[in-house]
Amino acid sequence: MPQLICLGAGGHASVVLDAAESAGFDVAGALDRDGAPAVAQGRWPVLGGDELLPGLVAQGMVAAIGLGGTGDNSRRRDLYERAAAAGAELPAIVHPSAVVSASAELGPGTVVLAGAIVNAGAALGADVIVNTGALIEHDCTVEDHAHLSPGSVLGGAVRVGEGAHVGLGATVREGLAVGASALIGAGAVVLGDVPAGATWVGVPARPHE
């Protein structure tokens, strides 16, 4: 496995780096523009700011996006695009305890974290987060930069739009669509299509004014 550098040094970065190391990547450390000294109480060093990325890519390192989010995924998208523009390869990372069907598709930069399940025929775009213990059922489509939070569940053939966020423990019934940049609140049970940019919360989920 090649050496890997993580962009970001916060809590989500530590989870991504743990998954990468568990999957066999040689973790070199992280880059952080805010000057964090280390990741995960010193387990991995912060080598400097994002300006070092082109030089590290030239040395053959691959990159991972370590920025999470609780609703607005645009910052992570911007970081992904900057890494891609620098020529970085962004491999999909799958924690060894996750289950990913051989017929599922994972785009570049996507991370599937511990205990998550991606079932047959699912198609995930670039820079998707399938967080700890999330379940993506058969034939789902999850577009670029979406985030499925820990314990969230997508029923079969759900479509999640670009940059959408499905909150902690939320459930989306089979066959529905969650629009681009939509936000599903923690614990919500979604029984109808969610428009792009909307925020839905509750059981059953309703638009949040």
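This is a predicted model: local features need pLDDT of at least 70, side-chain atom pairs count only at pLDDT 80 or more; totals for chains, interfaces and linings use all residues.
Figure 1. The largest cavity has a volume of about 30 Å³. Its lining is formed by H12, V16, I65, R76, G109, V111, D127, V128 and I129. By class, five of these lining residues are nonpolar, two are polar and two are charged.

Figure 2. The side chain of H145 forms a polar contact of 2.7 Å with the side chain of D127.

Figure 3. The largest nonpolar core comprises 32 residues, and V130, I136, V142, L154 and I184 have the most contacts inside it. When residues up to four places away in sequence are set aside, V130 touches V111, V112, L113, A116, V118, L124, I136 and L148. A separate, second core contains 20 residues, including A13, F25, V46 and I93. In soluble globular proteins, nonpolar side chains tend to be buried together.

**Figure 4. H95 in a loop between two strands.** H95 occupies the loop between β6 (93-94) and β7 (99-100). Its relative accessibility is 15%, so H95 counts as buried. A polar contact of 2.9 Å links the side chain of H95 to that of S97. Beyond the neighbours within four places in sequence, the contacts of H95 are D18, A19 and S22, together with V112, L113 and A114.

**Figure 5. The largest pocket and its lining.** The largest pocket holds about 270 Å³ of space. It is lined by 19 residues, of which G8, R33, L67, R75 and L79 are the closest to its centre. Helices α1 (11-22) and α3 (74-85) each contribute at least two residues to the lining. The largest share, four residues, is supplied by α3. Sorted by class, the lining of this pocket consists of six nonpolar, six polar and seven charged residues.

**Figure 6. P45 in strand β4.** P45 belongs to strand β4, which spans residues 44-48. With a relative accessibility of 38%, P45 is classed as partly exposed, because this value falls between the 20% limit for buried residues and the 50% limit for exposed residues. The C-alpha atoms of P45 and L31 lie 8.7 Å apart in space, and the two residues are 14 residues apart in sequence. Not counting residues up to four places away in sequence, P45 touches A28, G29 and A30.

Terms used
Residues are numbered from 1 along each chain as its sequence is written. Side-chain values use heavy atoms; hydrogens and water are left out. A nonpolar core is a set of buried Ala, Val, Leu, Ile, Met, Phe, Trp, Tyr and Cys residues joined through side-chain atoms within 4.5 Å. Buried means under 20% relative accessible area, exposed over 50%, partly exposed in between (1.4 Å probe, protein chains only). Contact means heavy atoms within 4.5 Å. On a 1 Å grid over the protein atoms alone, a cavity is a set of points where a 1.4 Å probe fits but cannot get out, and a pocket is an open set with protein on both sides within 12 Å along at least five of seven lines; lining residues have an atom within 4 Å of a point. Grid points are joined across faces, edges and corners, and a volume is the space filled by probe spheres set on the points. Ala, Val, Leu, Ile, Met, Phe, Trp, Tyr, Cys and Pro count as nonpolar, Asp, Glu, Lys and Arg as charged, and the others, Gly among them, as polar. A polar contact is a pair of N or O atoms within 3.5 Å; within protein, one must be able to donate a hydrogen and the other to accept it, and residues adjacent in sequence count only if both atoms are side-chain atoms.
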